[in-house]
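Subject: Structure handover

Hello,

Please find below the structure we spoke about. My notes on it follow.

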Amino acid sequence: MALYPNYPLQTERLRLRPFTRGDVDAVFAYRRREDVALYLFDGPLSREECALAVQQRIGQIALEGEGDKVVLGVELASSGALIGEVSLIWRNVDARQGEIGWIFDPAYQGHGYATEAANALLDLGFGPGDMHRIAARCDVRNIASWRLMDRLGMRREAHFREHALFKNQWDEEFVYAILWQEWHSRREVSNAG
Ligand SMILES: CC(C)(COP(=O)(O)OP(=O)(O)OC[C@H]1O[C@@H](n2cnc3c(N)ncnc32)[C@H](O)[C@@H]1OP(=O)(O)O)[C@@H](O)C(=O)NCCC(=O)NCCS
(Lines give C-alpha, C1' and ligand atoms only; values in the text may rest on other atoms or scores of the structure.)
Protein backbone atom coordinates (compact mmCIF):
# COMPACT_ATOMS: atom_id res chain seq x y z
CA MET A 1 0.00 0.00 0.00
CA ALA A 2 1.57 3.30 -1.05
CA LEU A 3 1.63 6.15 1.46
CA TYR A 4 0.91 9.76 0.47
CA PRO A 5 0.57 11.59 3.80
CA ASN A 6 -1.45 14.78 4.22
CA TYR A 7 0.98 17.49 5.28
CA PRO A 8 1.67 19.00 7.69
CA LEU A 9 1.52 16.36 10.41
CA GLN A 10 0.56 18.30 13.52
CA THR A 11 1.51 17.45 17.10
CA GLU A 12 1.02 19.41 20.29
CA ARG A 13 4.08 21.64 19.75
CA LEU A 14 5.34 20.74 16.26
CA ARG A 15 4.61 20.62 12.56
CA LEU A 16 6.22 17.93 10.41
CA ARG A 17 6.27 19.01 6.78
CA PRO A 18 8.15 18.55 3.51
CA PHE A 19 11.42 20.43 3.09
CA THR A 20 11.55 23.58 0.98
CA ARG A 21 14.42 25.46 -0.65
CA GLY A 22 14.21 28.05 2.11
CA ASP A 23 15.42 25.48 4.68
CA VAL A 24 19.08 25.38 3.61
CA ASP A 25 20.41 27.80 6.25
CA ALA A 26 18.52 26.13 9.10
CA VAL A 27 19.77 22.70 7.99
CA PHE A 28 23.34 24.04 7.65
CA ALA A 29 23.13 25.38 11.25
CA TYR A 30 22.99 21.82 12.61
CA ARG A 31 24.53 19.66 9.85
CA ARG A 32 27.74 21.70 9.89
CA ARG A 33 28.44 20.66 13.50
CA GLU A 34 30.94 17.96 14.54
CA ASP A 35 28.80 16.90 17.52
CA VAL A 36 25.74 16.34 15.31
CA ALA A 37 27.77 14.37 12.73
CA LEU A 38 29.59 12.22 15.30
CA TYR A 39 27.39 9.12 14.79
CA LEU A 40 26.01 9.92 11.30
CA PHE A 41 27.42 8.29 8.17
CA ASP A 42 28.18 11.75 6.74
CA GLY A 43 30.70 14.08 8.32
CA PRO A 44 29.85 17.74 8.95
CA LEU A 45 28.30 19.19 5.76
CA SER A 46 29.24 22.36 3.86
CA ARG A 47 26.48 24.80 2.90
CA GLU A 48 26.61 23.46 -0.68
CA GLU A 49 26.18 19.89 0.57
CA CYS A 50 23.22 21.06 2.69
CA ALA A 51 21.65 22.67 -0.37
CA LEU A 52 21.98 19.34 -2.21
CA ALA A 53 20.58 17.41 0.77
CA VAL A 54 17.59 19.77 0.99
CA GLN A 55 17.03 19.45 -2.76
CA GLN A 56 16.91 15.66 -2.38
CA ARG A 57 14.61 15.85 0.67
CA ILE A 58 12.10 18.04 -1.19
CA GLY A 59 11.12 14.96 -3.21
CA GLN A 60 11.12 12.52 -0.28
CA ILE A 61 7.49 12.90 0.76
CA ALA A 62 5.77 9.62 -0.13
CA LEU A 63 6.34 5.85 0.02
CA GLU A 64 5.59 4.15 -3.27
CA GLY A 65 7.96 1.18 -3.22
CA GLU A 66 10.62 -0.67 -1.28
CA GLY A 67 13.50 1.53 -0.16
CA ASP A 68 11.51 4.77 -0.47
CA LYS A 69 12.04 7.30 2.28
CA VAL A 70 9.93 10.11 3.71
CA VAL A 71 12.12 12.85 5.21
CA LEU A 72 10.30 15.66 6.98
CA GLY A 73 11.41 18.94 8.43
CA VAL A 74 10.29 19.48 12.01
CA GLU A 75 9.27 23.01 12.88
CA LEU A 76 8.14 24.58 16.10
CA ALA A 77 4.47 25.48 15.83
CA SER A 78 5.01 28.57 18.01
CA SER A 79 7.76 30.21 15.93
CA GLY A 80 7.98 28.26 12.65
CA ALA A 81 11.70 27.61 13.32
CA LEU A 82 13.09 24.45 11.67
CA ILE A 83 14.59 22.42 14.53
CA GLY A 84 15.43 19.09 12.92
CA GLU A 85 14.31 16.26 10.69
CA VAL A 86 12.82 12.79 10.96
CA SER A 87 12.71 9.98 8.42
CA LEU A 88 10.68 6.86 7.72
CA ILE A 89 11.98 4.25 5.28
CA TRP A 90 10.02 1.40 3.73
CA ARG A 91 12.52 -1.43 4.22
CA ASN A 92 10.35 -4.34 3.11
CA VAL A 93 6.98 -4.03 1.40
CA ASP A 94 5.73 -7.64 1.73
CA ALA A 95 6.66 -7.96 5.40
CA ARG A 96 5.54 -4.33 6.07
CA GLN A 97 8.83 -3.33 7.73
CA GLY A 98 9.82 0.27 8.32
CA GLU A 99 12.74 2.14 9.86
CA ILE A 100 12.80 5.56 11.50
CA GLY A 101 15.60 8.05 12.10
CA TRP A 102 16.16 11.57 13.46
CA ILE A 103 18.57 14.50 13.56
CA PHE A 104 17.87 17.56 15.71
CA ASP A 105 19.60 20.90 16.14
CA PRO A 106 21.40 20.87 19.53
CA ALA A 107 19.86 24.31 20.21
CA TYR A 108 16.51 22.53 20.51
CA GLN A 109 17.50 19.25 22.16
CA GLY A 110 16.41 18.33 25.68
CA HIS A 111 12.76 19.38 25.33
CA GLY A 112 11.21 16.15 24.14
CA TYR A 113 10.75 17.47 20.59
CA ALA A 114 12.46 14.45 19.00
CA THR A 115 10.22 12.13 21.03
CA GLU A 116 7.12 14.07 19.95
CA ALA A 117 8.12 14.07 16.26
CA ALA A 118 9.12 10.39 16.27
CA ASN A 119 5.80 9.47 17.91
CA ALA A 120 4.01 11.23 15.04
CA LEU A 121 6.10 9.27 12.54
CA LEU A 122 5.28 5.98 14.27
CA ASP A 123 1.59 6.97 14.10
CA LEU A 124 2.05 7.56 10.38
CA GLY A 125 3.84 4.27 9.77
CA PHE A 126 1.50 2.12 11.84
CA GLY A 127 -1.65 4.02 10.84
CA PRO A 128 -1.93 5.08 7.18
CA GLY A 129 1.33 3.26 6.34
CA ASP A 130 -0.06 -0.09 7.57
CA MET A 131 3.38 -1.21 8.77
CA HIS A 132 3.83 -4.28 10.94
CA ARG A 133 7.19 -3.49 12.56
CA ILE A 134 9.29 -0.33 12.72
CA ALA A 135 12.97 -0.49 13.64
CA ALA A 136 15.65 2.06 14.46
CA ARG A 137 19.39 1.68 14.87
CA CYS A 138 22.27 3.66 16.26
CA ASP A 139 25.87 3.49 17.37
CA VAL A 140 25.96 2.06 20.91
CA ARG A 141 27.79 5.21 22.05
CA ASN A 142 24.90 7.39 20.86
CA ILE A 143 23.18 7.44 24.24
CA ALA A 144 20.73 10.26 23.33
CA SER A 145 19.52 8.24 20.35
CA TRP A 146 18.92 4.93 22.13
CA ARG A 147 17.37 6.70 25.11
CA LEU A 148 14.92 8.18 22.61
CA MET A 149 14.18 4.66 21.32
CA ASP A 150 13.52 3.58 24.91
CA ARG A 151 11.12 6.53 25.40
CA LEU A 152 9.22 5.51 22.28
CA GLY A 153 8.62 2.06 23.76
CA MET A 154 10.94 0.34 21.30
CA ARG A 155 12.71 -2.85 22.40
CA ARG A 156 16.46 -3.42 22.09
CA GLU A 157 16.61 -6.44 19.80
CA ALA A 158 20.26 -6.61 18.82
CA HIS A 159 23.73 -5.47 19.69
CA PHE A 160 25.88 -6.03 16.64
CA ARG A 161 29.53 -6.25 17.63
CA GLU A 162 32.21 -5.15 15.16
CA HIS A 163 29.88 -6.05 12.28
CA ALA A 164 31.02 -3.28 9.95
CA LEU A 165 33.44 -0.40 9.64
CA PHE A 166 32.27 3.07 10.63
CA LYS A 167 34.59 5.98 9.97
CA ASN A 168 37.51 3.51 9.77
CA GLN A 169 36.78 1.85 13.10
CA TRP A 170 34.77 -1.23 14.14
CA ASP A 171 31.09 -0.39 14.37
CA GLU A 172 29.02 -1.36 17.42
CA GLU A 173 25.32 -1.00 16.71
CA PHE A 174 22.05 -1.36 18.62
CA VAL A 175 18.88 -2.31 16.75
CA TYR A 176 15.57 -1.40 18.38
CA ALA A 177 12.05 -2.14 17.13
CA ILE A 178 8.38 -1.96 17.97
CA LEU A 179 5.50 -4.01 16.55
CA TRP A 180 2.13 -2.71 15.40
CA GLN A 181 0.26 -4.39 18.30
CA GLU A 182 2.73 -3.02 20.86
CA TRP A 183 2.29 0.47 19.47
CA HIS A 184 -1.49 0.17 19.65
CA SER A 185 -1.40 -1.05 23.23
CA ARG A 186 0.72 1.97 24.19
CA ARG A 187 -1.66 4.30 22.35
CA GLU A 188 -4.68 2.84 24.16
CA VAL A 189 -2.97 3.30 27.54
CA SER A 190 -1.96 6.92 26.77
CA ASN A 191 -5.44 7.74 25.41
CA ALA A 192 -7.06 6.25 28.52
CA GLY A 193 -4.74 8.36 30.73
C1 LIG B 1 19.20 11.68 19.02
C2 LIG B 1 18.60 13.06 19.29
C3 LIG B 1 17.54 13.39 18.26
C4 LIG B 1 17.97 13.06 20.69
O5 LIG B 1 17.58 14.38 21.03
P6 LIG B 1 17.00 14.71 22.48
O7 LIG B 1 16.84 16.18 22.59
O8 LIG B 1 17.83 14.01 23.52
O9 LIG B 1 15.58 13.99 22.49
P10 LIG B 1 14.18 14.63 22.86
O11 LIG B 1 13.89 15.81 22.02
O12 LIG B 1 13.19 13.53 22.86
O13 LIG B 1 14.40 15.18 24.33
C14 LIG B 1 14.61 14.29 25.40
C15 LIG B 1 15.24 15.02 26.54
O16 LIG B 1 14.42 16.13 26.89
C17 LIG B 1 13.86 15.94 28.20
N18 LIG B 1 12.46 16.37 28.08
C19 LIG B 1 12.02 17.60 28.45
N20 LIG B 1 10.71 17.72 28.19
C21 LIG B 1 10.30 16.54 27.66
C22 LIG B 1 9.06 16.06 27.17
N23 LIG B 1 7.96 16.83 27.18
N24 LIG B 1 9.00 14.82 26.66
C25 LIG B 1 10.09 14.02 26.62
N26 LIG B 1 11.31 14.44 27.06
C27 LIG B 1 11.42 15.69 27.59
C28 LIG B 1 14.04 14.46 28.50
O29 LIG B 1 14.15 14.24 29.90
C30 LIG B 1 15.34 14.16 27.79
O31 LIG B 1 16.42 14.66 28.51
P32 LIG B 1 17.55 13.66 29.11
O33 LIG B 1 18.14 12.92 27.93
O34 LIG B 1 18.50 14.59 29.77
O35 LIG B 1 16.81 12.76 30.02
C36 LIG B 1 19.73 14.15 19.26
O37 LIG B 1 20.68 13.84 20.25
C38 LIG B 1 20.43 14.29 17.91
O39 LIG B 1 19.90 14.85 16.97
N40 LIG B 1 21.70 13.82 17.81
C41 LIG B 1 22.53 14.08 16.63
C42 LIG B 1 22.10 13.30 15.40
C43 LIG B 1 22.04 11.82 15.65
O44 LIG B 1 22.94 11.23 16.24
N45 LIG B 1 20.95 11.19 15.19
C46 LIG B 1 20.70 9.78 15.40
C47 LIG B 1 21.51 8.94 14.53
S48 LIG B 1 21.18 7.21 14.90
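Before the charges are counted, a convention is needed: Lys and Arg count as positive and Asp and Glu as negative, while His and the chain ends are left out. The place of a charge is taken as NZ of Lys, CZ of Arg, CG of Asp or CD of Glu. On that basis the protein chain has 23 positive and 28 negative side chains, and the centres of the two sets lie 3 Å apart.

This is a predicted model, in which local features need pLDDT of at least 70 and side-chain atom pairs count only at pLDDT 80 or more, whereas totals for chains, interfaces and linings use all residues. Residues are numbered from 1 along each chain as its sequence is written, and side-chain values use heavy atoms, with hydrogens and water left out.

Overall form

The protein chain has 6 helices and 10 strands. Both are DSSP runs numbered from the N terminus: helices are H or I with at least four residues, strands are E with at least two. The radius of gyration is 16 Å, close to the 16 Å that the globule rule gives for 193 residues, so the chain is as compact as a globular protein of that length. That radius is taken over C-alpha atoms, and the globule rule is 2.2 Å times the number of residues to the power 0.38. Along its principal axes the C-alpha trace spans about 45 × 40 × 35 Å.

Of the 193 residues, 46% count as buried. Buried means under 20% relative accessible area, exposed means over 50%, and partly exposed is in between (1.4 Å probe, protein chains only). The chain exposes about 10200 Å², of which carbon and sulfur atoms supply 49%; the areas come from the Shrake-Rupley method with a 1.4 Å probe, and for residues only the protein chains shown count as cover.

Salt bridges

The structure holds 18 salt bridges, each being a side-chain nitrogen of Lys or Arg within 4 Å of a carboxyl oxygen of Asp or Glu.

One of them joins Arg15 and Glu75 (2.8 Å, N to O). Arg15 lies in strand β2 (residues 14-17) and Glu75 in strand β3 (residues 69-76), so this pair ties together parts that are 60 residues apart in sequence. Arg15 is partly exposed at 22% relative accessibility, and Glu75 is buried at 11%. Arg15 and Glu75 also belong to a network of salt bridges with Arg17 and Asp23.

Another salt bridge is between Arg47 and Asp25 (2.8 Å, N to O). Here helix α3 (residues 47-58) holds Arg47 and helix α1 (residues 24-31) holds Asp25, so parts that are 22 residues apart in sequence are tied together. Arg47 is partly exposed, with a relative accessible area of 37%, and Asp25 is partly exposed with 47%.

Contact means heavy atoms within 4.5 Å. Residues 24 or more positions apart account for 60% of the contacts with a separation of 6 or more.

Where does Leu63 lie? Leu63 is in the loop between α3 and β3, and is buried, with a relative accessible area of 1%. Leaving aside neighbours within four places in sequence, the residues in contact with Leu63 include Ala2, Leu3, Leu88, Trp90 and Met131. Leu63 and Met1 are 62 residues apart in sequence, and 8.6 Å apart in space, C-alpha to C-alpha.

Regards
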